[in-house]
Amino acid sequence: MDNTQVRKKFREHFGTSGELYFSPGRINLIGEHTDYNGGFVLPGAIDKGMLAEIKINGTNKVRAYSVDLDEYAEFGMNEADVPAQSWARYIFGVVREIAKRGGQVEGFDTAFSGDVPLGAGLSSSAALESTFAFALNEIFRLGIDKFELAKIGQATEHNYCGVKCGIMDQFASVFGKEGHLIRLDCRSLEYEYVPFNPVGYKVVLIDSVVKHELASSAYNRRRESCEAVVAAIRKHHPEVSLLRDADMQMLAEVKNEVSTEDYMRAEYVIEEIQRLLDACEALKKGDYKTVGEKMYGTHHGMSKLYEVSCEELDYLNDVARECGVTGSRVMGGGFGGCTINLVPEDKYDHFIETAVKGFKAKFGKEPKIYPVKIGDGSRKL
Ligand code: ADP
Ligand code: MG
């Protein structure tokens, strides 16, 4: 990211200059609705993120300027000092969560700007939190480990922004590594870097610009379905405490004890956990064709079994297949947001043109295109 704008604004507001820190947004190649079932996810940090210039200011206040929103906020660092602007709450939350862990943060000035699209499912919020968690840890020499930095970001969302998210977004932002995705075990929080060097391919997100309106009630119902199936399986297999522990054989045994709908939900989850593991094996062999097939498998499952897709996303998936795209699926919880596509370079232009044109004609709105590369996690520049 170009830092001239941040540098310029910082100087205008604070008359000096500070240190630059960056944290990325993220994609998730495969593994959707697996986190709360104790399964795996496979995120990677991207080459888009949040850039912040920061300098200790010798007061007990934070003075923050959002370059992109052209808004300024000033706030103290005690629990009662919560700022009005929602963007400032991410910074305030990080300061508070550090304090709760015994970290001593003093006043600082900051100007920041990002190129992660807001609310598109690439986690601009995690990029924001991770930037400040990582930077404040360095600047004030707090000695907090990287995992805790991710948890500070997550706790910020929970306690100051009203979003009950998992750990994946912040984890990927902090731990990202160029040329790698990260297989994260959502139960044990163990992780492994998996090579991702898709030579001859591009990764591109297509934003359906559909908002996730149904998402939260539907999400809760999906969780209830998973729990209902676990409860049924447990009667036969007491060792099963999450769908992660179950297999298709166990699911088949309870077919008559659970609703058709719950059965379909669990089938998707059990298959999705396996698809992710298969995709990781394929990645280790550089077999991107198989990875792509797994991505299509995920889309099909999310659309037909988990039923969290929508007309726009299914359309984008169909176009991808017709254009010879290697892998394509809805990314994120569903009901809107982006598809993630693994596209052979020679098919890229045709695919994008066809998708944009067709989408506009069919839905009367323009999808947004975000090409991404896998990059490194939180760092000082
Ligand atoms: P996402 O899926 O991108 O994480 P969220 O709704 O969780 O979407 O987070 C978006 C919020 O994060 C914005 O409303 C804003 O408060 C904050 N934010 C993200 N990027 C920026 C930015 N570049 N400048 C200011 N605030 C930002
Ligand atoms: Mg977010």
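## Phe 40 and the antiparallel sheet

In this predicted model, Phe 40 stands opposite Asp 185, a residue of β7. The strands concerned are β2 and β7 (residues 180-185), which pair in the antiparallel sense over 2 bridges.

That pairing belongs to an open sheet of 3 strands, arranged in the order β2-β7-β8 with antiparallel pairing. The edges of the sheet are formed by β2 (40-41) and β8 (191-195), each of which pairs on one side only. Helix α8, spanning residues 260-284, packs on this sheet and touches β2, β7 and β8, and the direction of α8 makes about 50° with that of β8.

## Polar contacts of ligand 1

There are 17 residues around ligand 1, and those that come nearest are Asp 68, Gly 119, Ser 123, Ser 124 and Ser 125. For Asp 68, an N or O atom of the side chain lies 2.7 Å from a nitrogen atom of the ligand. On the oxygen atoms of ligand 1, a polar side-chain atom of Ser 124 is found at 2.7 Å from one oxygen atom, while a polar side-chain atom of Ser 125 is 3.0 Å from an oxygen atom of the ligand.

## Cover and composition of the shell

Taken on its own, ligand 1 has 570 Å² of accessible area, of which the protein covers 80%. By residue class, the shell around ligand 1 divides into 8 nonpolar, 8 polar and 1 charged.

How values were computed:
Residues numbered from 1 in each chain as written. Chains lettered and ligands numbered in written order. Predicted model: local features only at pLDDT ≥ 70, side-chain atom pairs only at ≥ 80, totals over all residues. Heavy atoms only, no water. Near = heavy atom within 4 Å. Polar contact = N/O pair within 3.5 Å; in protein donor to acceptor, adjacent residues only side chain to side chain. Areas by Shrake-Rupley, 256 points an atom, 1.4 Å probe, with all protein chains shown as cover. Nonpolar A, V, L, I, M, F, W, Y, C, P; charged D, E, K, R; others polar. Pairing = 2+ DSSP bridges. Helix = DSSP H or I, 4+ residues; strand = E, 2+ residues; numbered from the N terminus. Contact = heavy atoms within 4.5 Å. Axes fitted to C-alpha atoms, helices over the stretch in contact; angles between N-to-C directions.
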